[in-house]
Amino acid sequence: MSLTQVNWMALMPEIIVLGFAIIVLLGELFMSASSKRSLGIITLIGLAAALFSLTKLWGVETTEFNGMFSVDFTANTLKAILLITTALVVLGTLKVKATLGEGEFFSLILFSVLGTMFMASATDLIMLFIALELTVLPAYILTASKKNARGAEVALKYFLLGMIASVILLYGMTLLFGLTGATNFAAIADKLGGGPIEPTLIVAMLMIMVGLGFKVAAVPFHFWAPDVYEGAPVPVASYLAVGPKAGGFAAIIHLFPIALVVITPAWAGVFAILAVVSMSLGNLVAFAQTHIRRLLGYSAIAHTGYLLVGLAVADNYGYSSMIFYFFVYSLAALGAFLVILATTEWGIGEDITDFAGLSRRAPMLAVAMAVFLFSLVGLPGFAGFMGKLFLFSAAVKSDLIWLAVIGVINSAISFGYYVTVIRQMYLVSPSTNEVVSVSKPLYFSIMLILAAVIFLGIYPTTFLSIINL
Amino acid sequence: MDVSISLVIFLALAAMAIISSLMVVVGRNLFNAAMFLGAYLLVIAGFYFLLSAELVGIMQVFVYVGGVVVVLLFGIMLTSQMINVRLVSALQQRVLTLVVVAALVGLLVSIFSKTSFYYISSAEAPRDSISLIGKLFMTDYVLPFEVISVLLLAALIGAVIIAREEGRQ
């Protein structure tokens, strides 16, 4: 294979993101302090350009670099979701005082996005592992950017647990390589097919699950998530709530159904168990939380549980429902984080009681927060409802009725802790009547997400037809 | 190489690897632990040479023994309070640790003894593996190779950000 045989168009979104990451980084070095404000705009342009070039690849199915890099429907959809949500994060943080230089912050985010995009397209163990490291390494750095004791503790915890997960993942991958002598997913499936199922294969599968389960914060590999969501700077936490998670799910969707197709019942069963414990533990522990971002951290764990239902179903309908739910979940979670960003920028604390009377101090923020929380619960009329509807109906269709029932019960339970936030905002009177003002880009970003959550709740068909559900 | 000789070398290396890595974990002195870590990493390089993967073996010595362990030792020496500290916090949950380790070892031994791994004959090892690896890096594996360079760039930026004092931008 020579480089001229590569269809570089297939990598165009990645190349654009890489190019802009380097431009933004050089901008930090050479631009004056006042003109550095435009670096956020440049980042947005880069993300928009990558999204545009991605639309050119819509419907294309191809693999490049000897089957290492696959352009397919799942990869494209997850990349699009990732680019859109990251653009909303960048838009929201345009006027926010960062703990880092603008160039460093935005270029690290772009590097992490690049890693996640490669992860979504990886169909080779080597490529997958490197892409995963590229996704999480900037995340560790961003978490460590606030240099107080709490920030350092959280970053170190995230880094150490992340490294252990990576090592276990790598161990699983080497076992898989030892069994098959191949790193390409399709080649692994070829070698595994026909032969007897070795116990080593099950151990390799479990180790890979531990590694990737950590990245998506599934119970029992979830310890880092509430700490990081609480302790990282708010703009960073908003990105972490969506970005690296998309990569983890993309990797799972590619690796398990393709490479490990011979043991589908085994991994589907384990994912079903992980789904149940993640949902239940995430929701129950969320009740005890008084810090809003910690609450969202446990809610994120519960949502990982809902998403894993799509993997337990283990068919295309399940994966599509999972991708749709991932999109609506990340919109709502991101929106909630951006509202928190708006209130903390104004100097409001992050305990749930600090949200008292927000409806009088910032009516639109309170409405937006309420809608995002309702969408996370899955109330009819909001995007989250449609997402859960498809996800649980996928479970019912595959005779996993018990899983759907547990999911529905959990959604009902989750209403209890989301509503405490809404109660504080609407029914408790504020300690001060000072009006909260929000920077224009952040306000615009929150309103865009609000519109999307309501729109997808009422007319999901437009998006569903895109993802062939 | 004769199979029995390579088996003897393998067993000797394996014993050294197990002993030195145990010393890293149970040792109470940080400096000693770092030295044993260096020894362990050298033994791993020995495994690579035994498998006729010379380039990987040399890189192991360069990067891990020559780089990582030396930086680790510098770190210990420059933070003066750490040299003679007895690490007391380690192994608080001794029983639990032993159970988990025993279970993991038992699991791995039981699966390894039953599994027939994909077998690549050592006779097929190419004589000139370095130039072959170089060619593969620039052809079949060019994409991971390039992505690693991006990863290193991100790591470099991160090192600067973390090492820098707050407030200086």
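1. Helix axes here are lines fitted to C-alpha atoms over the stretch in contact, and angles run from 0 to 180 degrees between N-to-C directions. The model under discussion is predicted.

2. By that convention, helix H5 of chain A (residues 125-143) packs against helix H6 of chain B (residues 142-163) at an angle of about 15 degrees, and their axes lie 10 Å apart. Because angles under 35 degrees count as roughly parallel, H5(A) is described as roughly parallel to H6(B). The crossing of H5(A) and H6(B) is left-handed.

3. On the side of H5(A), the contact includes A:Ile126, A:Ile130, A:Glu133, A:Leu137 and A:Ile141. H6(B) contributes, among others, B:Leu143, B:Val147, B:Leu151, B:Gly158 and B:Ile162. By class, the residues of this helix pair comprise 18 nonpolar, one polar and one charged.

4. The contact between the chains as a whole takes 35 residues from chain A and 24 residues from chain B. On the side of chain B that touches chain A, the elements giving two or more residues are helix H4 (94-114) and H6 of chain B. H6(B) supplies the largest share of that side, 13 residues. The side of chain B that touches chain A has 17 nonpolar, four polar and three charged residues.

5. Chain A itself has 20 helices and two strands. Its C-alpha atoms fill a box of roughly 70 × 55 × 45 Å along the principal axes. The radius of gyration of chain A, 21 Å, agrees with the value near 23 Å that a compact globule of 469 residues would have.

6. Of the 469 residues of chain A, 59% count as buried. Among contacts in chain A between residues at least 6 apart in sequence, 81% join residues at least 24 apart.

How values were computed
Residues are numbered from 1 along each chain as its sequence is written. Chains are lettered from A and ligands numbered from 1 in the order in which they are written. This is a predicted model: local features need pLDDT of at least 70, side-chain atom pairs count only at pLDDT 80 or more; totals for chains, interfaces and linings use all residues. Helices (H or I, at least four residues) and strands (E, at least two) are DSSP runs, numbered from the N terminus. Angles under 35 degrees count as roughly parallel, over 145 as roughly antiparallel, 65 to 115 as roughly perpendicular and the rest as oblique. A crossing is left-handed if the near helix is turned anticlockwise from the far one by less than a right angle, and right-handed if clockwise. Two residues are in contact if their C-beta atoms, placed from the backbone, lie within 7 Å. Ala, Val, Leu, Ile, Met, Phe, Trp, Tyr, Cys and Pro count as nonpolar, Asp, Glu, Lys and Arg as charged, and the others, Gly among them, as polar. The radius of gyration is taken over C-alpha atoms; the globule rule is 2.2 Å times the number of residues to the power 0.38. A residue is buried if 20 or more other C-beta atoms lie within 10 Å of its own, exposed if 12 or fewer, and partly exposed in between; C-beta atoms are placed from the backbone.
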